[in-house]
Amino acid sequence: MARWGRGGGLSERTARFVRVGRVGDVPPGRAEVFDVEERKIAVYRLEDGFYAIDDICTHDGGPLAEGEVEGDQVICPRHGARFSIKTGAALTFPAITPVETYPVRVDGEDLLIGISE
Ligand code: FES
């Protein structure tokens, strides 16, 4: 049975799902980055499922997947802005623009990310 991580930026109904890897590729507590059609998408395993956001900080391009994870937030390693992994919201300065989020689907042991058409 499929399980979903809720992405705020794209509806599961309108997304096209791309198989990116295996569930075991994403350990709890840190992100795994997947290249999906010229995008770098960071996938996180939180207590209630998988979530995916752009790996690029909206402040100055920092690699979010290399940032520390605290609960459902990631801290940009470059200047310390916090983002919600679940909603993509920019929670602290210097970032003010949210990061894109993507729905995640688990199909057996496969991990799929929903992207726009
Ligand atoms: S690049 Fe992420 S906070 Fe500046």
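Me: What is the mean pLDDT of the protein?

Reply: pLDDT is the predictor's confidence in each residue, on a scale from 0 to 100. The mean for this protein is 90, and 90% of its residues reach 70 or more. This is a predicted model, in which local features need pLDDT of at least 70 and side-chain atom pairs count only at pLDDT 80 or more, while totals for chains, interfaces and linings use all residues.

Me: Where is confidence lowest, and where is it highest?

Reply: Strand β1 (residues 3–5) is lowest, at a mean of 42, and strand β7 (residues 73–75) is highest, at 98. Over residues 1–7 the pLDDT is below 50, and this stretch has 25 contacts in the model beyond near neighbours in sequence. A contact here is a pair of residues whose C-beta atoms, placed from the backbone, lie within 7 Å.

Me: Which strands make up the sheet that contains β4?

Reply: The general idea comes first: strands of a sheet pair through backbone hydrogen bonds, either parallel or antiparallel. Two strands count as paired if DSSP finds at least two bridges between them. Here 4 strands form an open sheet in the order β3-β4-β5-β9, with antiparallel pairing. β3 (32–36) and β9 (101–102) stand at the edges with a single partner strand each, so one side of each has no neighbour in the sheet.

Me: How many bridges join β3 to β4, and which residue stands opposite Phe-34?

Reply: β3 and β4 pair in the antiparallel sense over 5 bridges, and Phe-34 stands opposite Ile-41 in β4. These two strands form a hairpin with 2 residues between them, and Glu-37 in the turn has a positive phi of about 50°.

Me: What about β4 and β5?

Reply: They run antiparallel and are joined by 6 bridges. They also form a hairpin, with 2 residues between them. Along this pairing, Leu-46 has Gly-49 as its bridge partner in β5, and Val-43 stands opposite Ala-52. On to β9: 2 bridges join β5 to this strand, again antiparallel, and Ile-53 stands opposite Thr-101.

Me: Is Glu-47 buried or exposed?

Reply: A residue is buried if 20 or more other C-beta atoms lie within 10 Å of its own, exposed if 12 or fewer, and partly exposed in between, with C-beta atoms placed from the backbone. Glu-47 lies in the loop between β4 (39–46) and β5 (49–54). Glu-47 counts as exposed because it has 7 C-beta neighbours inside 10 Å. In space, its C-alpha is 8.9 Å from that of Asp-72, 25 residues apart in sequence.

Me: And is Tyr-51 buried or exposed?

Reply: Tyr-51 sits in strand β5. Tyr-51 is buried, because 28 other C-beta atoms lie within 10 Å. β5 is mostly covered, with 5 of its 6 residues buried. For the protein, 36% of the 117 residues count as buried.

Me: How many residues does the largest nonpolar core have?

Reply: In soluble globular proteins, nonpolar side chains tend to be buried together. A nonpolar core is a set of buried Ala, Val, Leu, Ile, Met, Phe, Trp, Tyr and Cys residues joined through C-beta atoms within 7 Å. The largest one here has 28 residues, and those with the most contacts inside it are Ala-42, Val-43, Ala-52, Leu-64 and Phe-83. The elements giving two or more residues to this core are β4, β5 and β11 (110–115). Leaving aside residues up to four places away in sequence, Val-43 touches several residues, among them Val-26, Phe-34, Ala-52 and Leu-111.

Me: Which strands form the sheet that contains β7?

Reply: This open sheet has 3 strands in the order β6-β7-β8, with antiparallel pairing. β6 (68–70) and β8 (82–84) are at the edges with a single partner strand each, so one side of each is left without a neighbour in the sheet. Between β7 and β8 there are 3 bridges, and the bridge partner of Gln-73 in β8 is Ser-84.

Definitions and conventions:
Residues are numbered from 1 along each chain as its sequence is written. Two residues are in contact if their C-beta atoms, placed from the backbone, lie within 7 Å.
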